[in-house]
Amino acid sequence: MRAALKKYWRHTALAMQETLAYRVTYIVNVFSMVVTYTVIFFVWSAVYAGNPDLDGYQWQEMKSYLIVSLFLSSLVSMSSEFRISRQIRTGNIAVELLRPADYQKASLSITLGYSISEGVLIAIACLGFAFITGATVIPQNALTWLLFIVSVLFSMATKFLMVYVFGLVSFWTTSLMGISWLRRGLTDFFSGALIPLALFPSTLRTITDWLPFKAIVWIPASVFTGRLYGRALTRDFAVAFIWIVVLWFLGRLVWKAAMRKVTIQGG
Amino acid sequence: MHFITQTRRSLFLFFRFLAQNTKIKLEYKADSIILFFSGAALQGIGFLFLSVLFTRIPSIQGWTKWEIIFMLSLIFFSEGLVSFAFEGAWQMAFLLNMGDMDRILLRPVSPILQILTFTMGIHGIGNMVMGTVLFILSLSNTIIVWSAAKILFVPVFIVSACAIRTAISFAANCSAFWIKAMSNAIPLMIFQLADFAKYPASMFGRAIETLMIFIIPYAFISYIPAVYLFDKFAWGPLAWLSPLVALWLACIARKIFYFGLSRYESTGN
């Protein structure tokens, strides 16, 4: 067990160093997130200029919600997706197959590494955002902070698994661009990254309640602002957990199917 | 006379390159279908976002849902057209680093034309289709007091918008002459700034408004035409400047390219 942990920790540590090497991708990712959220911020602030209250959402709470959303949306970035797809396209996946490590677990460790080194900077950017916009709604007690941390872990696990499954699609298509945009677009919308799910029309809300995207932004951000707690939270955590298990095995399934298909030519 | 033959030849070559590139891309059927639909779907999500937002509020700073969707459709359409016809601009770093630029420079055809048409993006078609659909829907859901001038303006500004978009992305990609790395952040960052043009520039405060109108004039693609067509402000007719802005930007982009080229040293083959 300890040896296994050590093996995967090496992946994580290497990935952390790698982020420093791929600065450009990193800068672009953060910049594009900041632009997206600056736009959204101005849109919401214009909305609130005319209505002080939207279904119980006040501007103060919305600001905190959006900042946490920025943090979570940046956390597991597209770089993980492109890494998997690059390995498949260039054939480097063959090397991975030779390694005495499970590819899904190794990918998870690497994504974790990216997230740690990126997360620190993103957190600083978010604090800057919070300072500029004057967002003040934060968790009021230790328990809420703890639940928030748990929900962030759920968020990362869900997003990683989606990225992983979508990344494996590269075994069947030659370019990942389209798929990756689609995943990002779907995630942005259905996770409540840009509009809190509570403000969705009721039919759409029922749909999002059963989709895995909710765990990526809506749950952690609402725990953070103190909107989600108690029984509702327990239920949401349960659904999120089931999705993580389902997606984990889906990843295994897609991988198996891909392995039946893959032919590696010597080189 | 020489100029006319030159233009005709360029246009002829442009369509030939485009046709060839399309054939190349269509060889990858699954990829093309995915890219087409993901282009359209991604824009559809942008539309969905606005629809949900406007279930809660009647208007944002006096702009109705369909007026903003009108702006959105122009961003989608111009983005799509540039990806479809001029995706090659994004290959600049690749061309410079791999030495393909030498091949381009040796041919007796404008290097700019060759670079712009080096490749094409299928997703552009998806964006254009979605942009067109939303454009038509927004026109039928908004109140425009049409005049002869406004009717005449529509084709003028659509062509200008596409030219502005192309010039900006080409100029931004020329940064590859100075930043000698395969991945260059500048063009992507400038591309991303078009997000601000999806909403009325007046919403973002003076600094961003100035940036969008005077420095990287994405506002001429969507916001300024919208102000004119919907009679939002008295300065609306200034939208007629958009062809001049397009021309000005094209000249600047050309200047930047040839300046960069003068510093270009081949990687050698």
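How many residues does α2(B) have, and how far does α2(B) reach from its first C-alpha to its last? The helix α2(B) has 25 residues and reaches 36 Å, close to the 36 Å expected at 1.5 Å a residue; the expected span is 1.5 Å times one less than the number of residues. This is a predicted model, in which local features need pLDDT of at least 70, side-chain atom pairs count only at pLDDT 80 or more, and totals for chains, interfaces and linings use all residues. Residues are numbered from 1 along each chain as its sequence is written, and chains are lettered from A and ligands numbered from 1 in the order in which they are written.

**Chain B overall**
- Chain B has 12 helices and two strands (DSSP runs numbered from the N terminus: helices H or I of at least four residues, strands E of at least two).
- The C-alpha trace of chain B spans about 60 × 40 × 40 Å along its principal axes.
- Of the 269 residues of chain B, 41% count as buried (20 or more other C-beta atoms within 10 Å of the residue's own, with C-beta atoms placed from the backbone).

**Helix α2(B)**
- Buried residues in α2(B) include Asp31(B), Ile34(B), Leu35(B) and Ser38(B).
- The buried residues of α2(B) pack against α8 (177-190) of chain A, and against α3 (65-86) and α7 (123-140) of chain B.

**Contact with chain A**
- In chain B, 32 residues are in contact with 32 residues of chain A (C-beta atoms, placed from the backbone, within 7 Å).
- The largest share of the side of chain B that touches chain A, 12 residues, comes from α2(B).

Terms used. Two residues are in contact if their C-beta atoms, placed from the backbone, lie within 7 Å. A residue is buried if 20 or more other C-beta atoms lie within 10 Å of its own, exposed if 12 or fewer, and partly exposed in between; C-beta atoms are placed from the backbone.
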